[in-house]
Amino acid sequence: MEQEEKSNQPFFTAIYTFNTHVTMDSEDQKFGDGGGMELNKFYNCDYQFGKFMEKFNESELSDNTIIIFTADHCTYADDAFREAFPDVPRVQVFLDRIPFFIYYKGVTPQVIDAQGRNSLCMTPTVLDFLDIVTIDNTERVSTQNGVIQGMDPSIDGDMETNINHYYAAAQQERRN
C-alpha cells in the first residue's frame with residue numbers, strides 16, 4: 001500500500017487472511033490460557049487487525065483511504081465452534097452473518113441492519129458509498145450528495161477503462 005501510494009493514483013489492495021479457517025489455531029496471540037483453538041484464532045485475528053489499524057491510522061494513507069473489512073464466508077459450525085460458542089445457535093452449519101464494515105478517518109460509527117442482504121450486494125454498496133451507481137454495463141451515474149446525476153465525463157472515461165480492465169482480467173482468470 002505504501003508503494004502504491006507513491007504513484008498518486010487511486011488503487012485497490014485486497015488482503016486475505018487464512019488463519020481463522022476450520023482446524024486452525026493461533027501461533028501468535030492466545031486467548032486466556034490458550035487452550036481453546038477456536039477462541040485463539042479469533043482473538044489473534046482481532047489482535048493482528050488492531051495492530052494493522054494502528055499502523056494505518058498513523059500513516060498518511062489514512063488521510064484518503066477507505067478500509068472495507070469482510071469475510072468470504074461464515075465460520076464452519078463444527079464441534080470446536082459449538083464448544084467455544086455454545087450459546088450461538090446455528091440452523092445451517094454453512095450460513096450465518098459475516099462481518100462487513102467500512103472505515104475511513106473521521107467516520108461516525110453506526111450499525112445498519114442489512115435486512116438479509118448478502119455478499120452479492122457488496123459491490124453495489126461500495127460503489128454507492130463512493131457516489132457511483134452502475135445502471136448496466138454501459139451507463140453509470142453519480143449519487144454524490146444524495147442526488148442522482150450523470151457522471152462527470154472525465155471521471156466516467158477513467159471508470160470505463162478500469163471496468164473494462166476488470167472484466168478482461170476476470171475473463172482471463174476464468175480461462176486459466
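**Entry 1: a nonpolar patch**

Before looking, I wrote down what a patch is: a group of residues with over 30% relative accessible area and no salt bridge, where nonpolar side chains are joined within 5 Å. I also noted that I am working with a predicted model.

Which residues form a nonpolar patch on the surface? I found Ile66, Ile68, Phe100, Tyr104, Met122, Phe129 and Leu130. Together they have about 540 Å² of accessible area.

I located it in the loop between helix H2 (37-58) and strand S1 (67-70). Its relative accessibility is 34%, so isoleucine 66 counts as partly exposed.

**Entry 2: helix H2**

Next I checked the length of H2. How far apart are the end C-alpha atoms of H2? They are 32 Å apart. At 1.5 Å a residue, the 22 residues of H2 should span 32 Å, so the two values agree.

Then I asked myself which residues in H2 are buried. My list reads Glu38, Asn40, Lys41, Asn44, Met53 and Phe56. What covers them includes S1, helix H3 (79-84) and strand S2 (100-103).

**Entry 3: salt bridges**

How many salt bridges does the count come to? I noted six, and I looked up three pairs, one by one.

My first stop was aspartate 25, which forms a salt bridge with lysine 30. The closest N and O atoms of this pair are 3.9 Å apart. Aspartate 25 has a relative accessible area of 32%, so I marked it as partly exposed. Lysine 30, at 35% relative accessibility, counts as partly exposed too.

My next stop was back in H2, where lysine 51 and glutamate 54 lie three residues apart, about one turn of the helix. Their side chains meet in a salt bridge, with 3.9 Å from N to O. Lysine 51 is partly exposed at 39% relative accessible area, and glutamate 54 is partly exposed at 44%.

My last stop was lysine 105, which forms a salt bridge with aspartate 63; here the closest N and O atoms are 3.0 Å apart. Why does this pair tie together parts that are 42 residues apart in sequence? Because lysine 105 lies in the loop between S2 and helix H4 (122-129), while aspartate 63 lies in the loop between H2 and S1.

Is aspartate 63 exposed or buried? With a relative accessible area of 55%, aspartate 63 is exposed, because the cut-off for exposed is over 50%. Lysine 105, at 40%, counts as partly exposed.

Technical notes:
Residues numbered from 1 in each chain as written. Predicted model: local features only at pLDDT ≥ 70, side-chain atom pairs only at ≥ 80, totals over all residues. Heavy atoms only, no water. Patch = residues over 30% accessible without salt bridge, like charges linked within 9 Å, V, L, I, M, F, W, Y side chains within 5 Å. Areas by Shrake-Rupley, 256 points an atom, 1.4 Å probe, with all protein chains shown as cover. Salt bridge = Lys/Arg side-chain N within 4 Å of Asp/Glu carboxyl O. Helix = DSSP H or I, 4+ residues; strand = E, 2+ residues; numbered from the N terminus. Buried < 20%, exposed > 50% of the residue type's maximum accessible area, 1.4 Å probe, protein only. Expected span 1.5 Å × (residues − 1). Contact = heavy atoms within 4.5 Å.
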